[in-house]
Amino acid sequence: MKISTKGRYALRLMADIAQQRPGEPVSLRDAARRQGLSDKYLEQIVTPLARAGLVRSVRGAGGGYLLTRKPEEYTVGDILRPLEGDLAPVECATDGAWCARSGDCLTVGLWQEIHRAVSAVVDGTTLADLLAKQAGRGEPT
C-alpha cells in the first residue's frame, strides 16, 4: 500500500494551517509557497478535505482556509481517508465475506492484520502529535 501525493500533501496542508495563527484564514497560495507545492494542486486536495468537514473556507480579501476543530481532534486517518479511501492493503481485508475463497484463503488473515496495524497507527496519531514531533526536531513540516 502506498499513500499518494494527494494524501501526503493533505497532511502537509493541514499541518501548515494548524501552525498559523488560530482564527486567521490561510490562503492556499501562502501554504503552497511555504510547502514548496503547486497552489493548483492544493486546490484539488482541499476540496475533499472541505467536503469531509475538516476545513472550511473563508471568502473575500484575506480569505483562505481554517481548521474546523483543534489539531488534537484530527487523526491522520481522518485526513488521509477523504483522499485515499479505505487504507486496506486489499479489498478482502475489510470484508472477507465478499470473496468466495475467504473461508479457505491462507492470506486473508494476514491482510486483515496489516489493515488493523495501519489503522491503529493512523487513527492513533493526531495532527497535534505530528506538530509536536516536528517541533521537537526543528524541521519543517
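**Fold and contacts**

Author: The secondary structure of this predicted model comes to six helices and two strands.

Reader: In what order do the elements of the protein run from the N terminus on?

Author: Helices and strands make up the secondary structure, six of the former and two of the latter. Read from the N terminus on, the order is α-α-α-β-β-α-α-α.

Reader: What percentage of the contacts in the protein with a separation of 6 or more comes from residues 24 or more positions apart?

Author: The C-alpha atoms fill a box of roughly 60 × 30 × 25 Å along the principal axes. Of the 141 residues, 35% are buried. Among contacts with a separation of 6 or more, the share from residues 24 or more positions apart is 62%.

Reader: Are helix 1 and helix 2 roughly parallel or roughly perpendicular to each other?

Author: Two packed helices are described by the angle between their axes and the distance between the axes. The axes of helix 1 (residues 5-19) and helix 2 (residues 28-35) come within 10 Å. They cross at roughly 110°. Angles of 65 to 115 degrees count as perpendicular, so helix 1 and helix 2 are roughly perpendicular.

Reader: Which residues in helix 2 meet Arg-12, Leu-13 and Asp-16 in helix 1?

Author: The residues of this contact divide into three nonpolar, one polar and three charged. Helix 1 brings Arg-12, Leu-13 and Asp-16. Helix 2 meets them with Leu-28, Ala-31, Arg-34 and Gln-35.

Reader: Is the pair of Tyr-9 and Tyr-41 stacked or edge-to-face?

Author: The count comes to one aromatic pair. The ring centres of Tyr-9 and Tyr-41 are 5.7 Å apart. Their planes stand at 90°, and over 60 degrees counts as edge-to-face. The pair is therefore edge-to-face.

Reader: How many residues apart are Tyr-9 and Tyr-41?

Author: Tyr-9 is buried at 19% relative accessible area, while Tyr-41 is partly exposed at 23%. Tyr-9 sits in helix 1 and Tyr-41 in helix 3 (residues 39-51). The pair links distant parts of the chain, with a separation of 32 residues.

Reader: Is Thr-126 buried or exposed?

Author: Thr-126 lies in the loop between helix 5 (108-123) and helix 6 (127-137). Leaving out residues up to four places away in sequence, Thr-126 touches Pro-71, Glu-72, Tyr-74 and Thr-75. Its relative accessibility is 15%, and the cut-off is under 20%, so Thr-126 counts as buried.

Methods
Residues numbered from 1 in each chain as written. Predicted model: local features only at pLDDT ≥ 70, side-chain atom pairs only at ≥ 80, totals over all residues. Heavy atoms only, no water. Axes fitted to C-alpha atoms, helices over the stretch in contact; angles between N-to-C directions. Helix = DSSP H or I, 4+ residues; strand = E, 2+ residues; numbered from the N terminus. Parallel < 35°, antiparallel > 145°, perpendicular 65-115°, else oblique. Contact = heavy atoms within 4.5 Å. Nonpolar A, V, L, I, M, F, W, Y, C, P; charged D, E, K, R; others polar. Phe/Tyr/Trp six-rings, centres within 6.5 Å; stacked < 30°, edge-to-face > 60°. Buried < 20%, exposed > 50% of the residue type's maximum accessible area, 1.4 Å probe, protein only.
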